[in-house]
Amino acid sequence: MITTESMLIKKTSKSRLSEVDFHDLEFGKIISDHMVISDYKNDDWSNLHIEPFGDISFTPTILALHYGQMVFEGMKAFRMTDGNVSIFRIEKHYERFMRSLDRMCMPAMSLRMFEEGLINLIKLDAPWVPSSEGSALYIRPFVFASEERFGVKISSEYKYIVFSGPVGPYYNKPLRVKVEDHYIRATHGGTGFAKCAGNYGGSFYPTHLAKMQGFDQVLWTDGSPDLNIEESGTMNVMFVIDGVLVTPPLSDSILDGVTRDSFLTLAHELGIHTQQRTVSALELEAALQKNILNEAFGTGTAAVAGPIQSIDIKGKDYSVPVPENGVMVKIKNLLTDIRTGKAPDKYHWNTVIKL
Ligand SMILES: *Cc1c(COP(=O)(O)O)cnc(C)c1O
């Protein structure tokens, strides 16, 4: 059990909770009352505490702003059917956070520090966890280089912050995607497996071009002539080919999604065969022509799962079935039931905060 003993908590004198319309939660707009902060200086994390959410100030020279040493996580807490709150897969997010920090030459923190900040924050802001179906409290931990110096170097000082905000059900309009055959998001030896801010910045331009062409997202490939599929926008991608759930295997250019991992585990439980293997655009095209591509969808914390309704391959548009009770929907429903306590938490994914 995590205690509050060592942590200083400064509560807000005026909660903003009553100002929020929980029926109209625009994603990423509403922020809860408090935030966790810690500073890394002299080779150690210190001053882990909670304070009211608000502006922080620093000089324009901090290294993160110039050289992009910045890493984040995205996780969720859910309102359970008994009124308690559960935080989903803390350890899995922690492990990935540490891998991202390591790749960017940024300092690790202990699991204890990560958990303590997170659990105290969510306990304090528990009234912000929405209860309507499909909604959740989105949690954003991040670290950035805060040393004040503009010469290129690995920063020796960092700031860790965690804030959260309620989000409604993601409107899952089936996506129109195109296989991106020019730009690439990540390549072997790069930072694709790390959740670093720059990966997003670099993906904006090709995504913007795809949107101008009428698509919602791009299917990223590995840049090889075979156009092996890697991810869908900022989500991992899954295909149901002839009844088998197929997803590209993890590599240093694919983000190790917690939702991806959860879907594979639950597919197994539901008796759905899975394969983690290379899928090329050529194979997808052949499957589409033979009508054996049953479903395609993306997975990620924000949307949980987003169905794909069409895939453009080299300028040819193919439509993909979006079944009402297919593999995606079945797995998503089981995942929701586990998170809200309707189904048993066999894999110990929930950290339950008793209120
Ligand atoms: C965060 C992210 C995902 C999804 O990971 P989850 O842990 O499931 O939220 C997939 N791809 C990229 C590039 C990401 O940044």
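## Around the ligand

The ligand has 14 residues around it, and those that come nearest are Lys-195, Tyr-200, Glu-231, Thr-259 and Thr-301 (a residue counts as near if one of its heavy atoms lies within 4 Å). This is a predicted model: local features need pLDDT of at least 70, side-chain atom pairs count only at pLDDT 80 or more, and totals for chains, interfaces and linings use all residues. Residues are numbered from 1 along each chain as its sequence is written, and side-chain values use heavy atoms, leaving out hydrogens and water.

Strand E12 (235-241) and helix H5 (258-269) each supply at least two residues of this shell (helices, H or I, have at least four residues and strands, E, at least two; both are DSSP runs numbered from the N terminus).

## Polar contacts

Let's look at some polar contacts (pairs of N or O atoms within 3.5 Å). An oxygen atom of the ligand sits 2.6 Å from a side-chain N or O atom of Thr-259. For Val-258, a backbone N or O atom is 2.7 Å from an oxygen atom of the ligand, while a polar backbone atom of Thr-234 lies 3.3 Å from a ligand nitrogen atom.

## Between the domains

Now to another site. Domain 1 (2-169) and domain 2 (175-340) both give residues to the lining of the second largest pocket, so this pocket lies between them (the domain bounds come from an automatic or database domain assignment). Helix H7 gives the most to the lining, with 7 residues.

Technical notes
A polar contact is a pair of N or O atoms within 3.5 Å; within protein, one must be able to donate a hydrogen and the other to accept it, and residues adjacent in sequence count only if both atoms are side-chain atoms.
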